[in-house]
Amino acid sequence: MPAVIMLTRKGVDRVDDAEKNALLMFLEAQRSSVLAIVDGLDLDALTTAVLPSGWTPLGLVEHLGYAERHWFQEIATGSVEPLAWPDDDHTPLTTPRPPSVVFAFYRAQCERSNTVVATTPLSAPVRARHPGWLGDEVTDLRRIILHMIEETARHAGHLDVVRELIDGKTGLGPR
């Protein structure tokens, strides 16, 4: 059906899969950019801060995993499984974990996020509230996805600049 919103027999709004697919296409492009930008960096490059703020490329990838987990699990569904490690064992935007663990964590969180999207209407209200002003703006699954597109794209840009500073490579990723 070409309509974006259809009514089910129970009168509940059901959003067309075309909108979900479009939103996920843009989110997945940004996720792929993040991974492409850091692809090929050695351990030293992944774990060394290039900018005065002190974040590392690997720490930023882990941060994005936490963001996926927070928004799609904690906020959208109101439930999240415990982490395999303490979440306060490092300076923010750095990580003591090896690349294999961080990349597996990020990919797993993205897969879980995709499952939430596949099983939840875009208009579904959040089950928990994010603290602060952003909690007032992000009120349903649609806005969570839009926020994660924004968050992931912003950090992909950060990683892009740092990659250029590390080895001069630019234009990495699908977009």
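**Aromatic contacts**

Guide: Trp85 has a relative accessible area of 16%, so Trp85 is buried (under 20% relative accessible area, with over 50% exposed and partly exposed in between; 1.4 Å probe, protein chains only).

Visitor: What should I know about the model and numbering?
Guide: The model is predicted, so local features need pLDDT of at least 70 and side-chain atom pairs pLDDT 80 or more, while totals for chains, interfaces and linings use all residues. Residues are numbered from 1 along each chain as its sequence is written, and side-chain values use heavy atoms, leaving out hydrogens and water.

Visitor: How many aromatic pairs does a search of the whole structure find?
Guide: The search finds 2. Rings of Phe, Tyr and Trp (its six-membered ring) pair if their centres lie within 6.5 Å; planes under 30 degrees apart are stacked, over 60 edge-to-face, the rest tilted.

Visitor: Why is the pair of Tyr66 and Phe105 edge-to-face?
Guide: Because their planes sit at 65°, with ring centres 5.4 Å apart. Tyr66 is in helix α3 (residues 57-75) and Phe105 in helix α4 (residues 99-119), 39 residues apart. Helices here are DSSP runs (H or I, at least four residues), numbered from the N terminus.

Visitor: Is Phe105 buried or exposed?
Guide: Buried, at 7% relative accessibility.

Visitor: And what about Trp85 and Phe105?
Guide: Their centres are 5.1 Å apart and their planes at 65°, so that pair is edge-to-face. Trp85 sits in the loop between α3 and α4.

Notes
Helix = DSSP H or I, 4+ residues; strand = E, 2+ residues; numbered from the N terminus.
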